[in-house]
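Please open the model in a viewer and keep the selection panel at hand.

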Amino acid sequence: MESEPQSSTRRIAIIGGGIAGLSSAWTLEKARRSGQPIEYHLYEGSGRLGGVVASETIDGCVVEGGPDSFLTEKPAAAELCRELGLGDQLLGSNDAERRTYILVRNRLISLPDGLMFMVPTKLFPTALTPLFSWSTKLRMAREFLFPPAPATEDESVAAMTRRHFGQETVDRLVSPLLSGVYGGDASQLSVRAVLPRMVEMEEKHGSLSRAMLAARKKGGAPHSGANRPSRNSEAARARSLFTTLRGGMQQMVDAVAARLAPGSIHLSTPVRSIVHNSEYCTDPKPDCTYSCGWTLETASGQESFDGLIVALPAWTAASLLRPVDRLLADLLAEVPYSSSITVNLGYDIERLHGLPPGFGYLVPATEKRRMLACTFVHAKFAGRMPAGKGMLRCFMGGTGNDRLLEESDAALTETALRELSEVLGLRAQPSFVRIHRWRKAMAQYGVGHLERMQQVRETVAHLPGFALAGNAYQGIGVPDCIRTGQQAAETLLTFAQQQNSAATCAN
Ligand SMILES: Cc1cc2nc3c(=O)[nH]c(=O)nc-3n(C[C@H](O)[C@H](O)[C@H](O)COP(=O)(O)OP(=O)(O)OC[C@H]3O[C@@H](n4cnc5c(N)ncnc54)[C@H](O)[C@@H]3O)c2cc1C
């Protein structure tokens, strides 16, 4: 029997209301507004949207429980903000004050000027810094002329750094940067997935120092997080290392939510199971795509859809997708995640007068402390708290430290205050404390991640009307999650169009 071409409204479900799922929803909403016959429904398990993006205002201070900003050089987040009418809310980091310290034997040592992530590009600051011993400095100089042979396969970030610059650079620079930013372990993270430009540079130049110097001369060196002053004018904002929103990252979430179709968001509605109606998936003719159909089960019952976007942490996605595709579930379950805790401490600024200038400090694992990093929030972004207020954001947890999540608020506050006192000499009590625990929220791209992702793509290609989004795939930062959300929605829009434009399909 031949069926007529259908241009009926295609129904798409999104599971997960973090920034990835929301950016899928927004992309679908724009298509709907432009006349494409689609209807979408976003299911979020908790009672709020945003996932780990969670801002609030306390005593006039913007408190970020999750991400506090995004990398300016990745455009997706700022573009989304502009599209949502939040262009005037974008705020660059106060890079004139940018200075980051590393804690070494309980002493804060500033990252040397000219350091491009883990690679020195300026002779004198590198030679003079007390961050590295003389033997490491000599090794750095030697790397310029006699680089090691490139690796033939993926390796950890620590292994690559060790080959070029030795173990001390791993311990004092790369490990604290990766644990303080990603809650990650440099000895496990894949250099090809996390620092692909380093691998390209090694392949091209051999020496990373030489490669960075060349990139620096061309003005194209990757951002380092190291110290580099610039003014925070509108033009400088575009060059600031980090960008945020004046009222908090949640502004982005709220702006998307306000623009979505009425009735499309289902809060406090965890999806319990997914059924792929694959018995209808036979495809007897080329260019003929069938709606195989997806059925979701929630506490309110079952709903069927033509397409499905899963925008969940990979481990959650794995358990829901196991009945659909066991191989895909296995691949997703293999993506490790780390947990983290933020402890935001508000102060009257005069109580913070002894703080060194800069954005904060990172703590190497060799220091055996619980805090991985501390951000001096009032210094990093000007204008997100009233004059006279200051805030410290302590970051704890990371790979292998899940047990910290079980500690009470009082114990975590006590730990934060003790370490701040030991490191900064800060004795003042905060005027407010806000603690957020994020269980298994940050994906860790271990060695072999790119190969695993290739297998994921191949497996997903066999599931029509299905796409994945979120931080497990192509980058864990907010801009990357936005991008995967958009791509997932575009995949499903193409699928919906194909369904509607398929000439005739035999049943
Ligand atoms: C503490 C912290 C600090 C960070 N700092 C930065 C930063 O400064 N800059 C940066 O760029 N990135 C940062 N990141 C990373 C970035 O914020 C995240 O990777 C990103 O926001 C993840 O978005 P997501 O939508 O993929 O997932 P999530 O935000 O985890 O959202 C997933 C959603 O799915 C929901 N859900 C789970 N199960 C179900 C179910 N069965 N049914 C329905 N819904 C379900 C959850 O409730 C959640 O809302 C940080 C992350 C953390 C944890």
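Begin with the largest nonpolar core, which has 141 residues; a nonpolar core is a set of buried Ala, Val, Leu, Ile, Met, Phe, Trp, Tyr and Cys residues joined through C-beta atoms within 7 Å. Helix α17 (residues 478-501) provides the largest share of this core, nine residues. Val157, Ile309 and Leu332 have the most contacts inside the core. The model is a predicted one, in which local features need pLDDT of at least 70 and side-chain atom pairs count only at pLDDT 80 or more, while totals for chains, interfaces and linings use all residues. Residues are numbered from 1 along each chain as its sequence is written.

Select Val157 next. Leaving aside residues up to four places away in sequence, Val157 touches Val174, Leu178, Ala186, Leu189, Val191, Val194 and Leu195; a contact requires C-beta atoms, placed from the backbone, within 7 Å.

Now colour the domains, whose bounds come from an automatic or database domain assignment. They are domain 1 (2-50 + 251-335 + 446-506), domain 2 (92-96 + 337-442) and domain 3 (112-218).

Proceed to the ligand. Around it are 36 residues, of which Gly18, Gly51, Pro67, Gly470 and Gly477 come nearest; a residue is near if its C-beta atom, placed from the backbone, lies within 6 Å. The shell comprises 19 nonpolar, 15 polar and two charged residues. At least two shell residues come from each of α1, β18 (337-348), β22 (432-443) and α17. Domain 1 and domain 2 each contribute at least three.

Select helix α2 (residues 76-83) and display Ala76, Ala77, Ala78, Leu80 and Cys81, its buried residues. A residue is buried if 20 or more other C-beta atoms lie within 10 Å of its own, exposed if 12 or fewer, and partly exposed in between. The buried residues of α2 pack against α1 (19-33), β6, β7, β12, α11 (250-259) and α17. Just after α2, Gly85 has a positive phi of about 80 degrees.

The three strands in that list form an open antiparallel sheet in the order β6-β12-β7. β6 (70-71) and β7 (90-92) stand at the edges with a single partner strand each, so one side of each has no neighbour in the sheet. Three bridges pair β7 with strand β12 (residues 242-245), and strands pair if DSSP finds at least two. Gly92 faces Thr243 in β12.

Thr57 has Val62 in β5 as its bridge partner. Two residues lie between the strands, and Asp59 in the turn has a positive phi of about 50 degrees.

Finish at Ser421, in helix α15 (residues 409-424). Is Ser421 buried or exposed? Ser421 counts as exposed because it has 12 C-beta neighbours inside 10 Å.

Note on methods. Helix = DSSP H or I, 4+ residues; strand = E, 2+ residues; numbered from the N terminus. Contact = placed C-beta atoms within 7 Å. Nonpolar A, V, L, I, M, F, W, Y, C, P; charged D, E, K, R; others polar.
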